Amino acid sequence: MEQKLMITNKPTSVQINIQDGQMLPNTTHDRRFVSHLAEQFSDQLATQDVIKNEDPLVYELFHHAFITDQTDMALGMSVIAAGTVGNEYYMTKGHLHESDDQPEVYYCVGGKGLLLMDDLKDDFQALPFSAGTAIHIPPQYAHRVVNTGAEKLTFVSVFHVAAGHVYQSVAEAGFAYLVMDIDGEPTLIPNPKRAQFLNSTTEN
Ligand SMILES: [Fe+2]
């Protein structure tokens, strides 16, 4: 959706309605369906099957940018539906920040899941993320939220617009672990895509 960025040095407020999953005003509002995450879900047969039949909504995201003459903070809100593709829980695409020095804070306001953080080298963390949990995501960690609950998971994010979003390199490397529903329990499974990615980068 087109950005409607305005510069204002005056204080401004945003209303977050957790019940209805709305954030107003917002500069962007996007919806991500299973087809938008076709590269991210591990079970390709199940993914194609789901897209052909229904292509359900996985998550909605709102952003609002606070641009002043001197800085550019932004607020986000994401609402992830409950569900799976194959046995893999619904999740956000996952991204890195374009700028190496940019952190972010995620604050969960409803639902239950995990926040995955992966430096794409040797550190991977899957921290429990449920209503009331705030997590600082350090710079240079790819981040993704997974909804492992039966209800929608809603979280608020605070970041700088200058951070930028990089999706493609994260999609290619994959997160180190997948979060799968195994007999009703969220279970971390090593991601075969990561092993392939490491092999391809050491061969080249
Ligand atoms: Fe981010």
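Reader: Which residues does Val145 touch, not counting residues up to four places away in sequence?

Author: In this predicted model, the list excludes residues up to four places away from Val145 in sequence. Val145 is also among the residues with the most contacts inside the largest nonpolar core. The residues that Val145 touches are Ser78, Ile80, Met91, Thr92, Gly113, Leu115, Phe129, Leu153 and Phe155.

Reader: How many residues does the largest nonpolar core have?

Author: Ile80, Leu115, Val145 and Val146 have the most contacts inside this core. At least two of its residues come from each of strand 4, strand 5, strand 9, strand 10, strand 13, strand 14, helix 2 and strand 16. In soluble globular proteins, nonpolar side chains tend to be buried together. The number of residues in the largest nonpolar core is 37.

Reader: Is Ala142 buried or exposed?

Author: Ala142 lies in strand 13. A residue counts as buried if 20 or more other C-beta atoms lie within 10 Å of its own. Because Ala142 has 23 other C-beta atoms within 10 Å, it is buried.

Reader: What distance separates the C-alpha atoms of Ala142 and Leu120?

Author: Ala142 is in contact with Gly94, His95, Leu96, Asp118, Leu120, Val170 and Phe175, leaving aside its neighbours within four places in sequence. Ala142 and Leu120 are 22 residues apart along the chain. The separation of their C-alpha atoms is 7.3 Å.

Reader: Which residue in strand 5 does Tyr59 stand opposite?

Author: Strand 4 covers residues 57-67 and strand 5 covers residues 72-80. A hairpin of 4 residues joins strand 4 to strand 5, and the two strands pair in the antiparallel sense over 9 bridges. Within strand 5, the residue opposite Tyr59 is Ile80.

Reader: How many bridges join strand 3 to strand 4?

Author: Strand 3 comprises residues 28-33 and runs antiparallel to strand 4. Asp30 stands opposite Leu61 in strand 4. The number of bridges joining strand 3 to strand 4 is 6.

Reader: What radius of gyration does the protein chain have?

Author: The secondary structure of the protein chain comes to 3 helices and 17 strands, and its C-alpha atoms fill a box of roughly 50 × 40 × 30 Å along the principal axes. For 204 residues, a compact globule would have a radius of gyration near 17 Å. The value for the protein chain agrees with this, at 17 Å.

Notes. Residues are numbered from 1 along each chain as its sequence is written. This is a predicted model: local features need pLDDT of at least 70, side-chain atom pairs count only at pLDDT 80 or more; totals for chains, interfaces and linings use all residues. A nonpolar core is a set of buried Ala, Val, Leu, Ile, Met, Phe, Trp, Tyr and Cys residues joined through C-beta atoms within 7 Å. A residue is buried if 20 or more other C-beta atoms lie within 10 Å of its own, exposed if 12 or fewer, and partly exposed in between; C-beta atoms are placed from the backbone. Two residues are in contact if their C-beta atoms, placed from the backbone, lie within 7 Å. Two strands pair if DSSP finds at least two bridges between them. The radius of gyration is taken over C-alpha atoms; the globule rule is 2.2 Å times the number of residues to the power 0.38.
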